[in-house]
Amino acid sequence: MCVCCMSAACGIKKEDVVELTMIHGWGSTESDHVVMRQIYEDFEKAHPEIHLNMMAMPSSTDVISKVGDLLTVGEIPDIVFTGGDGRESIYSFMVKKGYAVDLMPYIQEDENFAENISPVTLESWTTKEGSLYTVSDVLLMGGYWYNEEIFERAGVTMVPGTWEEWLDACEKIKNLDGQTVPVILDANHMAYLMTTILADENLAELESIRNSKINVNSPAFDKMLGQLREISEYAALAGNYNYRDTLASFNAGESAIYINGVWANFMIDPDLPVSYAPFPSDDGNGIATRSACVGYILGNTGDEKRIEASVKFLKYMLSEEVAERIMKQTGQVPSNPNVEITEENCGARLHQAVKCIENAGLIIENPENLWDLSEKKEYGENVILYLQKRIKESEFRKRLSWM
C-alpha cells in the first residue's frame, strides 16, 4: 500500500514501479545499522520509481546463509550486501554461475560513476578478464584502539613499534593494578594477529592464506606461533567472544587494547580517551590492513529494468553525498576517493585513526580478503584452544594440517 501511495503522489503508476529484492546485514539495533537502513530508505524517496523489498539480516553470516538458500532454489536477489564476508562462498558462486552483474560496462559508460570507484576496489576485484562483480561503499582499515589513560598510568609513554615494545607495554599494564587486562583476544582477533605476523616474516605467506595453502610446519608459521604464545601471556583468551563482548570490556576500562577496525570508532564511548595504532613490526614502522572487501553484488536476473534500477542504487550509495553521510553518521571510511578525510569533516578520532593506517610502514589486505571464512574460524578457535593449553601442539598442528 505504501508503494501505491508513494507512486500516486509522485504521478507514477504502480505498474511502472520497479521492485528490487535486497538482502543486507544491517539488521540490528546498533546506531550504525539504523543509519544504514535509513540511507537505503532515502534512496526510495529520491527514486520513487524504484521500491526496495529489503531483507535485513543481523549479520553477514546470516546474509550469506540466506542468499545461499535462495540461490539453491534458483532465486537470484537483485542486490546483496555481505559486509566484507563471502569472498569464497556467495561471491565466488555467483560469479562462477553467471549470477552476478559485471559492473565494468556501466562504469566505463558513466564518467561520474567511474570517478566514485576506489582504486583500491579496482585493484582488488577487477578480474583478469577485466570484469568487476562487486563494489563496496566503504574501506576496511585495521589496527587497534588503545586507552591513552591506562597507557599513561602504566608508564607507557610511546606507542609500541615492535612486538618487544608491545609486550613490554602489556607487562606494565598487567602489573598496574592486577585487574586491568592488557588485551582480550577472541578467535577473530587471531586472524588479524596471524596475518600480520606472517606478513612481517614473509609477504608470500599472504598468498598462501588466500589460496588455503598455509604450511603449518614452515619456519614462518613456527615464528608466528611462538609470537602468539608470548602475546597470550598478557591476554585474556575468549574463544566464544565476539566484537561486542570485547568492546564492552574496553568501554568499561577493563582492558587497555581493543583490536578492531577504525569503523569501531562510533561504538567506543565518546568520553573514553583513545587513539589508534598499527600492529607492531620487526622494523618498528608498523603493519596495518586496508581493503575494499566484498560489498554490493548485483544479481544478474536477466531483467534489464531491474538491473538498471540496481545500478542506479549502487551509483547512489557511491555518490559523494551518501559517502560523506556514511562517514559522518556511522564512522566508516567511505571508498569514494573524492571524499576528503579531515578532522573537520569526520572528527579528530576517526581522522587520527585513518592517518595512522596511511602512515604505517606496511599496509596489507584485511583478513576478510585473505581467509576463507570457515578456515579463519577453524584456525582462530584452535589457536585459542592451544594457547589455553587445552590441546597439545602436536594435536593443534594435526587439526590444521589437512586444511
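Author: Let's start where α10 starts: a side-chain oxygen of D186 comes to within 3.0 Å of the backbone nitrogen of N188. Keep in mind that this is a predicted model.

Reader: Okay, let's stay with that helix. How many Å should the 15 residues of α10 span, and how far apart are its end C-alpha atoms?

Author: The general idea is to take 1.5 Å times one less than the number of residues. For α10, residues 187-201, this gives 21 Å, and the end C-alpha atoms are 21 Å apart, so the two agree.

Reader: And how many residues of α10 are buried?

Author: A residue is called buried when its relative accessible area is under 20%. In α10 that holds for 12 of the 15 residues, so by this cut-off the helix is mostly covered. The buried set includes H189, Y192 and the run from T195 to A199.

Reader: Strands next. Which way do the residues of β8 point?

Author: In a regular strand, side chains alternate between the two faces of the sheet. Strand β8 covers residues 274-277: V274 and Y276 point one way, S275 and A277 point the other way, and all of them are buried.

Reader: What joins β4 to β8, and how do the two run?

Author: There are 4 bridges between β4 (residues 138-147) and β8, and the strands run antiparallel. If you want to find the pairing on screen, look for Y146, which stands opposite S275 of β8.

Reader: Let's talk packing. Which residues have the most contacts inside the largest nonpolar core?

Author: The idea is to link buried nonpolar residues through side-chain atoms within 4.5 Å. The largest core built this way has 79 residues, and those with the most contacts inside it are Y40, W145, Y296, F313 and M317. Helix α14 (residues 304-318) gives this core its largest share, 8 residues. A second, separate core has 53 residues, among them A154, W163, I209 and Y386.

Reader: Now the cysteines. How many disulfides does a search of the whole structure find?

Author: A disulfide is a covalent bond between the sulfur atoms of two cysteines. The search here finds 0. Take C293: the nearest cysteine sulfur belongs to C356 and is 18 Å away. For C356, the nearest one is that of C346, at 14 Å. C293 is buried at 4% relative accessibility, and C356 is buried too, at 12%.

Reader: Last one, backbone angles. Which residues other than glycine have a positive phi?

Author: Most residues other than glycine have a negative phi. Two cases to look at are S212, with a positive phi of about 55 degrees, and K389, with phi near 65 degrees.

Reader: Where do S212 and K389 sit?

Author: S212 is in the loop between α11 and α12, whereas K389 is in the loop between α18 and α19.

Reader: And what is their relative accessibility?

Author: S212 has a relative accessible area of 27%, which makes it partly exposed. K389, at 73%, counts as exposed because the cut-off is over 50%.

How values were computed:
Residues are numbered from 1 along each chain as its sequence is written. This is a predicted model: local features need pLDDT of at least 70, side-chain atom pairs count only at pLDDT 80 or more; totals for chains, interfaces and linings use all residues. Side-chain values use heavy atoms; hydrogens and water are left out. Buried means under 20% relative accessible area, exposed over 50%, partly exposed in between (1.4 Å probe, protein chains only). Two strands pair if DSSP finds at least two bridges between them. A polar contact is a pair of N or O atoms within 3.5 Å; within protein, one must be able to donate a hydrogen and the other to accept it, and residues adjacent in sequence count only if both atoms are side-chain atoms. A disulfide is a pair of cysteine sulfur atoms within 2.5 Å.
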